[in-house]
Amino acid sequence: MGKSRVLVVGGTGYIGKRLVRASLAEGHHTYVLRRPEIGLDIDKLQLLLEFKQQGAELVEGSFSDHRSLVEAVKKVDVVVSAMSGVHFRTHNLLQQLKLVDAIKQAGNIKRFLPSEFGLDPARMGHALEPGRVTFDEKMIVRKAIEEANIPHTYVSANCFAGYFAGNLSQMGTLLPPKDKVSLYGDGNVKVVYMDEDDIATYTIKSIDDPRTLNKTLYLRPPENILTQRELVEIWENLAGTTLDKTTISEEDFLAQLKGCDNFVMQVGMGHFYHIFYEGSLTNFEIGEDGEEASQLYPQVRYTRMREYLRRYL
Ligand code: NDP
Ligand code: GO6
């Protein structure tokens with residue numbers, strides 16, 4: 001396929017920086033939004049300057065200046081947003097409504113990928129409070145996109161391995177436990193663990209693909225569909241250890257969630273509940289409105305969790 005002009009919004013973020021690199025690697029003309037609000041954040045600025053050296057074009061634009069967003073959007077064919085969903089209280093995801101307005105007014109965008117990259121929010125209508133806020137906000141953004149008839153692709157990336165695999169899916173840590181691991185229920189629910197660079201690679205593959213137009217792209221490469229138990233076993237084999245296993249029953253987990261007074265923690269626990277007890281990543285078949293990434297792009301050699309976990313040895 002030909003080369004596109006791609007604007008990455010949120011390009012210095014955790015997944016955003018990988019999207020910039022993947023777009024450059026694919027040979028697209030890559031533009032990265034540079035917000036004046038970065039102020040004295042020297043790491044953000046240095047990263048942007050690195051991207052420029054690697055061939056990206058930095059475009060100034062602010063969410064508090066509609067015209068600047070329209071001008072930025074007019075330079076490109078595709079907009080990929082990786083706005084934050086982490087600092088939940090500030091509703092950053094809804095900032096994207098301003099981006100939708102700008103795209104609507106500019107009128108030239110061939111594909112918009114809003115910030116999704118997780119559970120499919122369209123399947124989370126029943127999600128627990130307060131974690132459901134992320135799904136609700138993503139659905140509000142979807143509605144605005146669809147009402148404005150903006151061509152789009154939604155990427156359901158499942159579990160970022162850095163948050164869910166490196167720690168063997170333990171909450172409150174990013175490192176593998178040394179002695180004991182707690183399993184959610186029987187530990188036999190299928191989840192999907194994804195290397196973050198692969199998420200970016202698949203996402204960028206989809207931006208000019210007619211097969212993903214107005215569809216959801218699910219990242220479900222077969223060898224990365226694993227139970228928590230299988231993930232733990234992979235680690236035990238790599239590390240040459242055996243971990244003591246304890247079980248958290250569904251009732252205990254929900255009681256802990258309800259008793260927790262930290263908002264960000266409650267949000268996280270809600271997400272873990274849906275993933276590891278309910279099986280929300282895998283308890284459905286991909287339908288007419290979806291495509292599976294490793295089937296569309298079999299040439300991508302995706303990272304298996306055995307390989308990903310080596311870095312934690
Ligand atoms: P980050 O927290 O790294 O933030 C991404 C970018 O958001 C920042 O770099 C910044 O852009 C932008 N941003 C933050 N606040 C504002 C603001 N007030 N106004 C404008 N821009 C702002 O995001 P993540 O990469 O962690 O998350 C991206 C997406 O991935 C989210 O939708 C999230 O839900 C999802 N996610 C999924 C996970 C999974 O396991 N599936 C795990 C984590 C996230 P700039 O670069 O311009 O400064
Ligand atoms: C990642 C996290 C990890 C929270 C999604 C608390 C949206 C999604 C897979 O920001 O709340 O320990 O789907 O103690 O649709 C956070 C959130 C993960 C990271 C989940 C996410 C996943 C957001 C924690 C923790 C490792």
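Colleague: Which helix gives the most to the shell around ligand 2?
Modeller: Helix H10, residues 263–278, with four residues. Keep in mind that this is a predicted model.

Colleague: Which residues come nearest to ligand 2?
Modeller: There are 15 residues around ligand 2. Leu119, Asn167, Gly172, Gly268 and His271 come nearest.

Colleague: What about polar contacts there?
Modeller: His271 has a polar side-chain atom 2.8 Å from an oxygen atom of ligand 2. The backbone takes part too. A polar backbone atom of Leu119 is 2.9 Å from an oxygen atom of the ligand. For Gly172, a polar backbone atom is also 2.9 Å from a ligand 2 oxygen.

Colleague: How much of ligand 2 does the protein bury?
Modeller: Taken alone, ligand 2 exposes 580 Å². The protein buries 87% of that.

Colleague: And how do the shell residues divide into nonpolar, polar and charged?
Modeller: Seven are nonpolar and eight are polar. No charged residue is in the shell around ligand 2.

Colleague: Switch to ligand 1. How many residues surround ligand 1?
Modeller: 26 residues. The closest are Thr12, Tyr14, Ser115, Phe117 and Asn158. The shell of ligand 1 divides into twelve nonpolar, ten polar and four charged residues.

Colleague: How much of ligand 1 is buried?
Modeller: The protein buries 85% of the 910 Å² that ligand 1 exposes when taken alone.

Colleague: Which elements give two or more residues to the shell of ligand 1?
Modeller: Strand S7 (159–160) and helix H6 (161–164).

Colleague: You listed Asn158 among the closest to ligand 1. Where is Asn158?
Modeller: Asn158 sits in the loop between strand S6 (153–156) and S7. Its phi is near 65 degrees, a positive value in a residue other than glycine.

Colleague: Is Asn158 buried or exposed?
Modeller: Asn158 has a relative accessible area of 6%, so Asn158 counts as buried.

Colleague: What about phi of Ser169?
Modeller: Ser169 has a positive phi, near 70 degrees. Ser169 lies in the loop between H6 and strand S8 (180–184). At 0% relative accessibility, Ser169 is buried.

Colleague: New topic. Which residues does the cis peptide bond join?
Modeller: Glu129 and Pro130, with omega about -10 degrees. Pro130 is in the loop between strand S5 (111–113) and helix H5 (132–147). Most peptide bonds are trans.

Colleague: Now the rings. How many aromatic pairs are there?
Modeller: A search of the whole structure finds 13. Ring pairs link Phe164, Tyr184, Phe253, Phe272, Tyr273, Phe276 and Tyr277 into a cluster.

Colleague: Which rings do Arg142 and Arg304 lie over?
Modeller: Arg142 lies over the face of Tyr154, 3.9 Å from the ring centre. Arg304 lies over the face of Tyr302, at 3.8 Å from the ring centre.

Colleague: Last one. Where is Asp77?
Modeller: Asp77 is in the loop between helix H3 (66–74) and strand S4 (78–81). Asp77 is buried, at 11% relative accessible area.

Definitions and conventions
Residues are numbered from 1 along each chain as its sequence is written. Chains are lettered from A and ligands numbered from 1 in the order in which they are written. This is a predicted model: local features need pLDDT of at least 70, side-chain atom pairs count only at pLDDT 80 or more; totals for chains, interfaces and linings use all residues. Side-chain values use heavy atoms; hydrogens and water are left out. Rings of Phe, Tyr and Trp (its six-membered ring) pair if their centres lie within 6.5 Å; planes under 30 degrees apart count as stacked, over 60 as edge-to-face and the rest as tilted. A charge sits over a ring if NZ of Lys or CZ of Arg is within 6 Å of the ring centre and within 35 degrees of the ring normal. A residue is near a molecule or strand if one of its heavy atoms lies within 4 Å of it. A polar contact is a pair of N or O atoms within 3.5 Å; within protein, one must be able to donate a hydrogen and the other to accept it, and residues adjacent in sequence count only if both atoms are side-chain atoms. Accessible areas come from the Shrake-Rupley method with a 1.4 Å probe; for residues, only the protein chains shown count as cover. Ala, Val, Leu, Ile, Met, Phe, Trp, Tyr, Cys and Pro count as nonpolar, Asp, Glu, Lys and Arg as charged, and the others, Gly among them, as polar. Buried means under 20% relative accessible area, exposed over 50%, partly exposed in between (1.4 Å probe, protein chains only).
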